[in-house]
Amino acid sequence: QVQLVESGGGLVQTGGSLRLSCAASGRTLSSYAVGWFRQAPGKEREFVATGTWSGSATYFADSMKGRFTISKDNAKNTMYLQMNSLKPEDTAVYYCAAGQSFSTDSYTYDYWGQGTQVTVSA
């Protein structure tokens, strides 16, 4: 019922910035939360950030806090993840997800995008 498409990934240098987009289509509940996760080769999927669609509540993983910001454009039905001060350790495929829970756990999310690659060079 809900489809998510990520975009905005690419190659940047250490210290640079990227803004990832998560565009939603279909039926979207105002109570849904949006989560961001990432996965690097050989590693498990890692929580990045989460925020509510209708409110302003946000939460970030410790390694991202102070560097990443969540925003949204309701008219475009799109969530944004602004990533600043990027490090090589941030290199991964980034996914957005939607679910009914404000959560850091991937299993609580019902809908997932296809992912977008972020590569940070030294």
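This is a predicted model: local features need pLDDT of at least 70, side-chain atom pairs count only at pLDDT 80 or more; totals for chains, interfaces and linings use all residues.
Modeller: Residues are numbered from 1 along each chain as its sequence is written, and side-chain values use heavy atoms, with hydrogens and water left out.

Colleague: Which residues does the disulfide join?

Modeller: I count a disulfide when two cysteine sulfur atoms sit within 2.5 Å. Searching the whole structure turns up 1. At 2.1 Å from S to S, the pair is Cys22 and Cys96.

Colleague: How many residues apart in sequence are the parts that this pair ties together?

Modeller: Strands here are DSSP runs (E, at least two residues), numbered from the N terminus. Cys22 is in strand 3 and Cys96 in strand 9 (residues 92-99), so the parts tied together are 74 residues apart.

Colleague: Is that disulfide right-handed or left-handed?

Modeller: Look at the torsion about the S-S bond of Cys22 and Cys96. It's about 70°, so the disulfide is right-handed.

Colleague: Is Ala40 buried or exposed?

Modeller: Ala40 sits in the loop between strand 4 and strand 5 (46-52). Buried means under 20% relative accessible area, exposed over 50%, and partly exposed in between (1.4 Å probe, protein chains only). Ala40 comes out at 18%, so call it buried.

Colleague: What is the phi of Ser85?

Modeller: Ser85 is in the loop between strand 8 and strand 9, and at 42% relative accessibility it counts as partly exposed. Although it isn't a glycine, Ser85 has a positive phi of about 50°.

Colleague: Where does Asn77 lie?

Modeller: Asn77 also isn't a glycine, and has a positive phi of about 55°. Its place is the loop between strand 7 (68-73) and strand 8 (78-83).

Colleague: Which elements give two or more residues to the lining of the largest cavity?

Modeller: A cavity is a set of points on a 1 Å grid over the protein atoms alone where a 1.4 Å probe fits but cannot get out, and lining residues have an atom within 4 Å of a point. Of the 10 lining residues, those closest to the centre are Leu4, Ala24, Val34, Trp53 and Ala98. The elements you want are strand 3 (18-26) and strand 4 (33-39).

Key
On a 1 Å grid over the protein atoms alone, a cavity is a set of points where a 1.4 Å probe fits but cannot get out, and a pocket is an open set with protein on both sides within 12 Å along at least five of seven lines; lining residues have an atom within 4 Å of a point. Helices (H or I, at least four residues) and strands (E, at least two) are DSSP runs, numbered from the N terminus.
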